Amino acid sequence: MIHPIVSQSRIFKFYTVVWVLIAVLHSLVDWLIYDLNLKLLIADGLVFNSLMFFIGLSIWYPVLYIDKNKGQWNTFMQFLIAGIVIVGLWLLMGKLILQFSFSKEELDIIFNQRAYIIRIVVGAFQYLLFVLIYYMFKFYEELDEKNRSQEKLNRLLRESELKALKSQLNPHFLFNSLNSISALTISNSDDAREMINKLSEFLRYSLKKNEEKVLPLKEELKNVERYLEIEKVRFGDRLTSTSDVPSTCYDMVLPVMILQPLYENAVKYGVYESVEPVEIRTFCRCLEGDLEISVVNNFDEEALRSRKGEGVGLDNVRDRLRLVYGRTDLLTVNKENGYFEVSLRIPQKNSK
Amino acid sequence: MSNIYRALIVDDEPLARNIIKSYLKRWENIEVVDECSNGFEALKSVKEYKPHLMFLDIQMPKVTGLELMEVIDDPVLVVFSTAYDQYALKAFELNAVDYLLKPFNEKRFGDAVKKLIQKLETGEKSNQQQINSIQEQSEEKLERIVVKKGNKLEVIPLEDILYIEAQDDYVMIYTSDAHFLKAKTMKYFEDHLPPENFIRIHRSYVVNVEKIKQLEPYNKDTQLAVISKDCKLKVSRTGYKKLKELLDF
């Protein structure tokens, strides 16, 4: 947190003016009480208040760093000790400085017993005032920061909802699938009907995405299977797929439609951009109680070299995982030797 | 009506080709001479069969339909067919022979074929000009450049380009081991290459700033951009200013 006085020049000027006024007031009080020479009066006001001017600025740091978690009593004691040290130092240093230019007799007048008590009371009062003001500032800043981060979180949430909505229907996929169906009605109406069924089931499942809930892996994989079958009708031999999923993983849970973007990505950057056949492979396993899913596909490195931008879809997945699990390390991407691999790690305990 | 027209179908999805093929059966004066599933095959096929007309998908592996049209200089009329594309509206505005949005029905397809035949019978030339203007109007930045070397397509990734040199109505694109001629203007490349990497340093040169090794003085007013030992390009005064701004030296 920034220093509330030093960091803003307006406040710093105001602070300086206040201390000049206090110094003048101090000298005036001296003048009313004691019959002294002007030089000593001014020196007294100047030295002590300049000292407090600087000490006051530094009181911010104990306020900022004192550990409040140790209980009220402990906090109170810490502030009490800091106060005694600060007021003591203040008196000692002030008197030492004045001793350079004034004789002991002169100083004894303004440092009699009663004067000491008054000075201690004034010093303690100033110290308390500083602590109070700094505390208020700190409290206000923290509140502000909390509001801001809350606002940021809300905005992120809205944005990701919007993105999710946008990516729900991939128009390229939808219209091309409809075109394939159109072609099948001419040559093979049974296949056409089958494809319409698959597409309908796929769309119905996609609409669940709005409900922010988790589903068992087997449901997600079934949907992915439908999606790949539709794409295989479109691309024929250019797309094949295999999957290696142990049955122990079937009932592990994950957010709905979280896998879909991985496969869309594999099709978009693999099949769309390659004249060679592309194989999409799925591996699942249980890793330290979490579910780990990897999707691997080969791709044409030469073709992708000239095409920038990868995976708005993957960014969405990363965002969703962060919102659901509060972690940023759950999605990893690996790209080498013409193979593209995306791995998801889905925690099983803390999910909603 | 006695003319037989040769047609080429280019689409990376077999079913999408089938639908066009079966729609075309009704048209006795159109003969499908070949089907291609990508731009490379299509270019070869155009050379071999010299088709009158072509049904061309836009989204295809490695080279898009629009990129393919840039390098085909044989006179062939084109009807684009695509599912969903940012070029769709632009192409409509710029009246390409026709533009089919998938899926399309037989009547809509028939309209496109009628337009093709009408153009062929009145002897209109290819729509090369229109394709060029579709690309020129698009504000999207290029990600690669497609050129023809002999009868083969070459895709040049932007990071391979050293510089582009003006040559009358053409430009010459230089990479570290080859150079390619392309029928485009310097202005086009100046506008469509990403400005954070490509700068017009001279009337005759657009350079990839990442490839500049150093600048050395040439005479009082001009500098030379050193690409390699044997390749030094003149930098004009405004070019020097642009370089200075971008590279912040």
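This is a predicted model: local features need pLDDT of at least 70, side-chain atom pairs count only at pLDDT 80 or more; totals for chains, interfaces and linings use all residues.
**Exercise 1: a sheet in chain B**

Work out which strands lie at the edges of the open sheet in chain B, and how its strands pair.

*Solution.* Start with the strand order: the three strands run S13-S14-S15, and the pairing is antiparallel. Next, look for strands that pair on one side only; these are S13 (214-217) and S15 (231-235) of chain B, so-called edge strands. Now zoom in on one pair: strand S14 (residues 223-228) of chain B is joined to S15(B) by five bridges. For a spot to check in the structure, find B:Ser228, which sits opposite B:Cys231 in S15(B).

**Exercise 2: a helix from each chain**

Describe how helix H7 of chain A packs with helix H1 of chain B, and which residues meet there.

*Solution.* Two numbers get you going, since a packed helix pair is described by the angle and the distance between the axes. H7 (residues 171-187) of chain A and H1 (residues 14-24) of chain B pack at about 55°, and their axes are 8 Å apart. Because of that angle, H7(A) counts as oblique to H1(B). Then comes the handedness: H7(A) passes H1(B) in a left-handed crossing.

Now list who meets whom. H7(A) brings A:Asn179, A:Ser180, A:Ser182, A:Ala183, A:Leu184, A:Ile186 and A:Ser187, while H1(B) brings B:Leu15, B:Ala16, B:Asn18, B:Ile19 and B:Ser22. Sort them by class and the contact of H7(A) with H1(B) comes out at six nonpolar residues, six polar ones and no charged ones.

Conventions. Residues are numbered from 1 along each chain as its sequence is written. Chains are lettered from A and ligands numbered from 1 in the order in which they are written. Two strands pair if DSSP finds at least two bridges between them. Helices (H or I, at least four residues) and strands (E, at least two) are DSSP runs, numbered from the N terminus. Axes are lines fitted to C-alpha atoms, for helices over the stretch in contact, and angles run from 0 to 180 degrees between N-to-C directions. Angles under 35 degrees count as roughly parallel, over 145 as roughly antiparallel, 65 to 115 as roughly perpendicular and the rest as oblique. A crossing is left-handed if the near helix is turned anticlockwise from the far one by less than a right angle, and right-handed if clockwise. Two residues are in contact if their C-beta atoms, placed from the backbone, lie within 7 Å. Ala, Val, Leu, Ile, Met, Phe, Trp, Tyr, Cys and Pro count as nonpolar, Asp, Glu, Lys and Arg as charged, and the others, Gly among them, as polar.
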